[in-house]
Amino acid sequence: MRKITFLKVLLTGLFIMGFGHMEASLTNLAEMAELSSSITQNSINGTVTDQDGAPLAGVNIVEKGTSNGTSTDFDGNYEITVGEDATLIFSYIGFGTQEIEAGGRSTIDIALSEGMQLEEFIVTGSRTAARSNTDTPLPIDVLPAQELVSTGQATFDKALQYRIPSFNTVQTPVNDATSLLDPYEIRNMGPSRTLILINGKRKNLSALLYTQTSPGRGETGADISAIPTDAIKRVEILRDGASAQYGSDAIAGVMNIILKDNASEGSATLRTGITSEGDGEMYGISINNGSSIGDDKGFVNYTVDLSKVNLANRPGTVDAAGEAADFGADIADVRSFLARKPDAGNINGSPETAAAKFSVNMGVDLSENTQLYGNAAYVYKKVNSYANYRTPYWRTIEDFPYLSDFFPAPGTPNNYDGYVPTFEGDLSDYNGTVGFKANLNDWNLDASFTTGGNTQTYKVNNSHNRNFVYSPSTWLDANGNGIVDPGELTEGSSLYRENSPISFDPGGTKFNHNVGNIDISRVLSDQISIGFGAEFRTETFEVIEGGLASYDGGGADSFAGNQPQNSGKFSRYNLGGYFSLDFDVNEDFLLSGTVRQENYSDFGNAFVYKFSSRYKFAEDRITLRGSISTGFRAPTLHQIYTQKAQYSFVPGQGIQVGGLVNNVSPQARLLGLDQLDAEKSTNFTVGIGSKISSFFNVTVDYYNIAVKDRIVLGSEVAPPAGGAFEGLSDLSFFVNALDTRTSGIDVVANYRSILIGMGTLNFNLAGNYTIQNERNGAVKDPAFLQGTGQSVVTPTQEALFFTSRPKTKWILGANYDINKFGFSLNNTYFGKTIFKQQGMSNDLRTEFTPKIVTDLGINYSATEKLTIALNLNNILNVLPEWKFVAENAAGQAIINDTSTNAFGVTPIQNESNLITFNQRYSQMTYDGYHFSQLGAMFNLSVNYKF
């Protein structure tokens, strides 16, 4: 593979910075000319402190409506020359922004108060009046947009991975449909149990249902990777159950994405990047801009983001002995092929992706107490990935003579060397909200309508259907003579299809929802505030039928299409209402409660509640907080109605065709499967927060989440013989199979504004430690499995549910700002993960060892408008590593055994072959891993402010 050096990237960055100096000089000359032409100028100086009188260094002071500005020195002093009628804006991270009219004064001293910038309030987690982040009784992370951008990650979800310890996401080893959206989760509880909001309104789910044996199996979630980072103002993450406030899905927490609403600022960003292996090239351009509506009565802010990421390939070196054993092939033929293609032609890693993202946010005052607001977004994503390479000893010329015509390889035996099917996915995602906010006689009213949808369609190319028959006249014998009765055809016969297609349309899936909300709140007194409201939601899930050749006779090799009997539209509705009450016993002690009732058209009613409290003391420097709540998660329409045949990896047998049966099908009745019911949860959280000084704060929160009747996509089991299940190697289905318990601790600490030399140093530490994440009680297997020795939840599944994400994860960061330069160093510790891969001995497990990934960022503010950023992610090129660990003495004996079989393979090497598909996935196994396998990545961006 190609290599790219750190020096090359660094020199490129310095070269661009040189042009920045040139622009800086020209800009300074222009500003001097502008200044000299001014007639009425006023010089102002002063000191900026915190509420305790301590000086604040690095506070930004800007003349409103201009690019003229300065910042305070180490003693909090500043000096600026402005127009006679100027207004000064004082802003500093972690403190409330203030606007002060100069009024001809020559000295302006000011004290900033701690709190959200721009006097913003937390809007997540409360249905009554909004509160500042220091007053909320709930654990909430607030990430300004700059923190996301500073990671250098290409997408929003990957940026969160390196900023929020309890948030995890990683690309799955096997891509196909999953390449369109990587599974993510908070607190190791799966993507289905985190609710996503945009400006406080529910985001639509993705159409994708994860069915691979990897983290997130059997679940779905909203596509947060599709949200353009440059459109985001901040992200609020509530680390607590919130079904009482928001309804279904909010068991692990809520993520509220607040869009930019600036009417007077804009910027354009160019970005590029590459991995240390010289692949995975990334190119992108985004524009964010704002404009006022009318006479400053409103705003519109829009974002356009276009990007392309090329393939990054990380296959392993395939083991010949394992191949020969799995496929019953002559080892000489296997070795001959692997001499030509040591990785067996496999392509896995990060797929080629192109994306176009559009977002708009607006608000306009219709009167003094009424506002019209709205936002909308559209995303198109194109992904090109690959199935496992079909080697010539896997799909043989002896069984399928036509393969040399379909996939010719001149110069190889039989003019055929195998083939690699493609998987091409197209994703469209949209969401939009329009609403009115009003204040009438001290009542706050909010009425809104939200719509959203996600469509995913697929194409398979460079493949074939081994058993597809258009008509009897199209089938010939092996010599090309005679008509053969299709009834005599069997899979693997020596017959061939003269007109077999090599491109297929497998169909796809579609999901959309429409949501109406009415929310009403009022502060009744200094102590009591109330809120109540209602929500009506309709959901539609569609399975899009594939082309005939994609599913008939077993389907396209690698990815079978949706059959007509499994396709169609499925819908439901639900109506919910809530009531909230906040009672400030005094200025330090808060009690809060919410109750909610929901009714779903398909499974019935749900009643949930939440009680929370907060107590402040020691002059508000210490806060105690806690909550207890119940919650629920309705089964998604995807889980209720998905039914299909699918290709999956079976250790020791390669790729086999299995069946996924839904719970409302005739097949489900034959199996005696119950229809899915809602999950129920009980959440308990208690924490403490301390503002030790104006510069140092820390929070520690303990959480405990019990889930009853958790919905899982069960392990593959042997189907009943014959009948409706004939031709399937295995069978899987959804079931309310588990009760689970998850507990852990979240820690967040910040220390800022340490004066070092001529610059300012800030530290931050955040961590998550999982104390408990396990099954609580026996597995609830269907009756037909009793006495068969099979279960829907095997050790493989339990590992995916409970230990496939890091047991602990910590992020230690430091930022140092000096003059025009900003440096950031972040170390992310990914703790141990454990897997129990299918086919592996029960006496063994695999453990991914803890690793630290180090990211370095360098920012250079060439001018007030031009900023250049160089991000060196995973600068030490740390890669995932795993090992076998013995569960008992028998497992240790397997590890120690050095004897070999007929192919010269030791027992432990055979176990490794089983779980990596003979080393195709040697770095991460077939089930997953705990952080990116791509290694070091270098990213460069240039931002220009309008």
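The dialogue below takes the core and then the sheet.

A: This is a predicted model, in which local features need pLDDT of at least 70 and side-chain atom pairs count only at pLDDT 80 or more, while totals for chains, interfaces and linings use all residues. Residues are numbered from 1 along each chain as its sequence is written, and side-chain values use heavy atoms, with hydrogens and water left out.

Q: Which residues touch the most other members of the largest nonpolar core?

A: In soluble globular proteins, nonpolar side chains tend to be buried together. A nonpolar core here is a set of buried Ala, Val, Leu, Ile, Met, Phe, Trp, Tyr and Cys residues joined through side-chain atoms within 4.5 Å; buried means under 20% relative accessible area (1.4 Å probe, protein chains only). The largest such core has 30 residues, and V334, L338, Y393 and F884 touch the most other members. Elements giving two or more residues to this core include α6 (331-340), β41 (844-848) and β44 (882-886), where helices (H or I, at least four residues) and strands (E, at least two) are DSSP runs numbered from the N terminus.

Q: With which residues is V334 in contact, leaving aside its neighbours within four places in sequence?

A: Contact means heavy atoms within 4.5 Å. V334 is then in contact with A320, E323, A324, A329 and Y393.

Q: What is the strand order in the open sheet of three strands?

A: Strands pair if DSSP finds at least two bridges between them. The order is β40-β41-β44, with antiparallel pairing. β40 (833-835) and β44 each have a single partner strand, so one side of each is left without a neighbour in the sheet. β40 and β41 pair over three bridges, and F835 has T846 in β41 as its bridge partner.

How values were computed
Buried means under 20% relative accessible area, exposed over 50%, partly exposed in between (1.4 Å probe, protein chains only).
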